[in-house]
Amino acid sequence: MSSSKDVPCCCSQRWILAYTSFVGFFFVYSLRVNISVAIVCMVKTPNITTTDTFDNSSSSICTGTASTRQVFNEHAEFDWNKEVTSSILASFFYGYIITQIPGGWLSDRFGGRYVFGIAMAISSISTLLIPVCARNSVVSVYVLRVILGLATGVAFPCVQSMWGRWAPPLERSKLISVSFLGTMFGNVATFGSSGYLCEYGFDNGWGSIFYITGGLTAIWVVIWFVVVRDTPSEHPWISEVERDYINNAIEYDTSKRTAKVPWLEMAKSPALLACTTAHICNNWTNYTLLTSLPAFLKAVHKFNIKSNGLLSALPYICQAVSGFSSGQIADILRSKGVLSTTATRRLLQIIAFSGSGIFLVATGFTSCEHRTLAIAFLSLAVMINGFCRAGYVVNHVDFGPKYAGVLYGITNTFATIPGMLAPIVAGQLTPNDTQEEWRNIFYVCAAFNVLGILVYGCFSRGEIQEWAKDDEEIVIEKQTDKTETKL
């Protein structure tokens with residue numbers, strides 16, 4: 001048997017899966033958040049003017065005495081009020097919540113390759129149709145965003161299910177964190193480019209956002225089906241050394257699939273309760289920022305649409321750094337025996353909740369005159385929150401690798417509720433878009449973070465649970481215990 005040092009790494013099939021998943025999640029989030037920036041320049045706002053440069057003093061910008069122009073209205077076509085725009089932003093999650101558990105079950109039962117690939121093809125088509133449909137009926141935009149939610153709802157459970165069969169235990173943090181880094185880069189690229197596309201793109205600017213993200217997603221779907229397989233044993237290009245290394249390292253027989261799911265044992269599991277709570281609390285902050293950050297920067301700090309997109313992207317650039325480094329740190333701590341898996345997950349998740357909560361509250365106290373400081377605080381909040389990539393996010397594969405798809409589907413079902421409520425709550429709490437009103441939104445995010453610290457810190461587990469083991473493995477363990485008792 002070859003040692004782990006003989007196993008290929010960066011160009012191995014498990015890392016190619018990580019790279020391909022990275023790009024996949026890049027497009028999952030591009031399709032999800034593109035409308036957050038696009039809607040700012042789609043909707044007519046005749047009473048709002050913004051500065052065109054950064055050369056003016058903060059005081060003149062914030063008081064409106066600097067030279068300004070109506071960049072938001074040049075390409076705007078729709079007379080949607082705030083209630084309509086908030087509902088459009090939230091409609092995605094009405095579909096997203098439905099397919100989490102079915103997506104996980106289908107992936108665990110039949111494999112995530114086809115489930116994820118077909119879902120992304122549907123997502124591409126629904127995105128490409130938005131510009132045409134928006135000009136005909138706002139209802140059709142709701143429908144397309146719900147369909148997009150239904151399709152992309154399977155993404156995380158599918159890939160978690162695949163990692164349950166591809167990721168050796170001491171490489172899980174690295175592999176999963178790299179694949180999920182695509183979400184942050186999707187945010188960065190979409191927020192960063194959408195402002196410029198609104199201003200200079202084709203089809204009246206904002207339409208190009210949907211055509212470009214939808215078209216590139218279609219190309220990725222083809223690549224996904226060519227290079228990815230559900231398990232190491234099915235892959236035609238994997239080396240024998242790598243295949244044996246993965247199959248011997250993972251705690252169960254990856255070639256076996258079962259339709260039987262221990263639903264009752266899962267429901268009673270403290271580990272699942274901890275991950276579900278952490279997921280909900282993290283997503284309240286995450287979805288609040290994803291859907292409302294451009295509006296916050298526009299209303300409170302008076303950034304124009306081009307600057308808005310770039311600055312909305314900046315916090316996620318910082319999070320990409322922390323998300324990648326946290327995976328490396330976690331696996332080093334575990335492989336060297338510095339901390340157990342349970343302690344590692346708890347430590348990194350508590351850091352994520354604590355740091356993001358503190359800096360979000362600080363952001364609420366920064367006025368327009370100190371808007372550079374606001375960007376710094378937002379970037380620090382989102383960056384520190386990136387440590388969750390080696391916390392609850394990967395934890396599902398630790399305590400239930402065989403059912404990782406279903407487990408993530410369960411937690412993400414509950415964690416989608418914030419996506420449905422956060423944009424509406426933000427709209428209700430900010431009728432006048434004042435700094436004081438936005439501060440209350442950040443207080444709510446911090447309160448969820450405190451709850452996450454308490455529950456995840458007490459109940460999370462890093463070791464595989466009894467109900468997640470193969471029956472044969474449990475029998476062997478019981479026989480070993482009996483033998484040791486006799487001796």
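Select D108 to begin: this residue is buried (under 20% relative accessible area; exposed is over 50%, and partly exposed lies in between, with a 1.4 Å probe and protein chains only), its relative accessible area being 5%. The model on display is predicted, so local features need pLDDT of at least 70 and side-chain atom pairs count only at pLDDT 80 or more, while totals for chains, interfaces and linings use all residues. Residues are numbered from 1 along each chain as its sequence is written, and side-chain values use heavy atoms, with hydrogens and water left out.

The side chains of R165 and D108 form a salt bridge (a side-chain nitrogen of Lys or Arg within 4 Å of a carboxyl oxygen of Asp or Glu), with an N to O distance of 3.9 Å. D108 belongs to helix 4 (residues 100-110) and R165 to helix 8, so the pair ties together parts that are 57 residues apart in sequence. Helices here are DSSP runs of H or I with at least four residues, strands are runs of E with at least two, and both are numbered from the N terminus. R165 is also buried, at 2% relative accessibility.

Side chains of opposite charge can pair when their charged atoms come close. How many salt bridges does the structure hold? There are 8.

For another of them, select D398 and R345, whose side chains meet at 2.6 Å, N to O. Because D398 lies in helix 17 (residues 392-399) and R345 in helix 15 (residues 341-364), this pair ties together parts that are 53 residues apart in sequence. D398 counts as buried at 2% relative accessibility, and R345 is buried with a relative accessible area of 1%. Salt bridges that share partners join R14, E171 and E242 into one network.

R14 is in helix 1 and E171 in the loop between helix 8 (155-166) and helix 9, so the two tie together parts that are 157 residues apart in sequence. R14 is buried at 2% relative accessible area, and E171 is buried at 11%.

Finally, turn to the cysteines. A disulfide is a covalent bond between the sulfur atoms of two cysteines. Select C41 and C198, which are joined by a disulfide (a pair of cysteine sulfur atoms within 2.5 Å) with an S to S distance of 2.0 Å. C41 lies in helix 1 (residues 13-42) and C198 in helix 9 (residues 172-200), so this bond ties together parts that are 157 residues apart in sequence. Are these two cysteines buried or exposed? Both C41 and C198 are buried.
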